[in-house]
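Okay, everyone, let's get the structure up on the screen and walk through it together.

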Amino acid sequence: MTTWFKILASSCAIIPFAQCALIPGGNIVHAAETPPAPVATVPATAAETAPETADADPALWVVRDEDTTIYLFGTVHVLKPGLSWFDEAVKDAFDKSDQLMLELVLPDDQAEVARTMLPLAIDANGTTLTSRLDAEQLAAYQAAMASVGLPPAQFDMFEPWFPAITLSVLPLTKLGYDPEQGAEKQLTRFAKASGKPVAGFETLGEQLGFFDSLPEAQQIAFLNSVVKDLDKLGPTLDRMVVLWAKGDPDGLAVAMNESLAATPALAQTLLYDRNARWADALKARMEQPGTVFVAVGAGHLAGKKSVQDYLKERGLTVTRVDY
């Protein structure tokens, strides 16, 4: 059952940060100590990052009053190249907006990510990962790590949630999914190129903290689930991307229902509680004039207890944008 992965893939922008394990020599600690070499870059354009090879029309909503407009756009955090989603109503709404609002502002510096992640990911008590797993679980975990080219011993100092997230992403990169093609990464580039400020509902530390605060039993269940379903992660994300590209939040909600029912505590922590907090922040933002483009994981804008539901509870009208 890919229950954990469905929630992770549709709700957490930290997915792209699992690539911080993919540094020269495979040593994540090295990333926290050694600044990355500077790389000359040219701001990407929409045409360069989203070639028009396959049309996608993800869902878009809007909340308005007399002097404030907030667009709500559901994202997928890692995508394959060649999906043309940044066009039509989505691009029009983005171009009209004064500001981009994400789950969190994506750090450009890999070393900064590692410096934030390591204190949370390393077990402060010195308990090894291998000591938490029984013989069968350990053998499966070691085989899974080997299959993606990572030495299990390197992750023995970490709490279970960190290798679980890492294992959730690395197989996807081999299947053609690219964190740099994720909607947040592209929107951030477009915002910087057009001089729009970028803000976040949360910090990287806060979002990582959601996993760090999970009880040990849930972290181990997360890891074991990812290990068990490693070969299903690609097909699962493929199906979710198809629903996203069709602009079908109801279908996405149905696809997630089993996951939410099977992991109610995780759903409460990663979806419902955050949706309610974001709705409070957006209601407060409606008191200021201007136009904001909000882009968060598509799971936050699908099904019951979505951001839209919480906004309606707070007296705001949320309308689907037709295009």
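H6 passes H7 in a left-handed crossing; the rule is that a crossing is left-handed if the near helix is turned anticlockwise from the far one by less than a right angle, and right-handed if clockwise. This is a predicted model, so local features need pLDDT of at least 70 and side-chain atom pairs count only at pLDDT 80 or more, while totals for chains, interfaces and linings use all residues. Residues are numbered from 1 along each chain as its sequence is written, and side-chain values use heavy atoms, with hydrogens and water left out.

Back to our pair. Helix H6 covers residues 135-147 and helix H7 residues 161-174, and they pack at about 40° with their axes 10 Å apart. Helices here are DSSP runs of H or I with at least four residues, strands are E runs with at least two, and both are numbered from the N terminus. The axes are lines fitted to C-alpha atoms, for helices over the stretch in contact, and angles run from 0 to 180 degrees between N-to-C directions. That angle makes H6 oblique to H7, because under 35 degrees counts as roughly parallel, over 145 as roughly antiparallel, 65 to 115 as roughly perpendicular, and the rest as oblique. Who meets whom? Tyr141, Ala144, Met145 and Ser147 in H6 meet Pro163, Leu167 and Lys174 in H7, where contact means heavy atoms within 4.5 Å.

So is H7 mostly buried or exposed? Twelve of its 14 residues are buried, so H7 is largely enclosed by the rest of the structure. Buried means under 20% relative accessible area, exposed over 50%, and partly exposed in between, with a 1.4 Å probe and protein chains only. Among the buried ones are Trp161, Phe162 and Leu172. After H7 comes Gly176, with a positive phi near 100°.

Helix H5 (residues 110-121) and H9 pack at about 25°, with axes 10 Å apart, which means H5 is roughly parallel to H9. On H5, the contact uses Val113, Thr116, Met117 and Leu120; on H9, it uses Leu204, Gly205, Leu208, Gly209 and Asp212. This time the crossing is right-handed.

Next, the sheet. It's open, has six strands in the order E6-E5-E7-E3-E2-E8, and its pairing is mixed; two strands pair if DSSP finds at least two bridges between them. At the edges sit E6 (198-202) and E8 (318-320), each pairing on one side only. Strand E5 (residues 99-104) runs parallel to strand E7 (residues 290-297), joined by four bridges. Met101, for instance, has Val294 as its bridge partner in E7. Helix H4 (residues 88-96) packs on the sheet, touching E2, E3, E5 and E7, and its direction makes about 130° with that of E7. Helix H9 (residues 204-212) packs on the sheet too, touching E5 and E6.

Last stop, the inside. Which residues touch the most other members of the largest nonpolar core? Trp85 and Phe293 do, in a core of 102 residues. A nonpolar core is a set of buried Ala, Val, Leu, Ile, Met, Phe, Trp, Tyr and Cys residues joined through side-chain atoms within 4.5 Å. Helix H13 (residues 264-285) gives the most to this core, nine residues. H13 also holds Asn275, which is buried at a relative accessible area of 1%. Beyond four places in sequence, Asn275 touches His300, Lys305, Ser306, Val307 and Tyr310.
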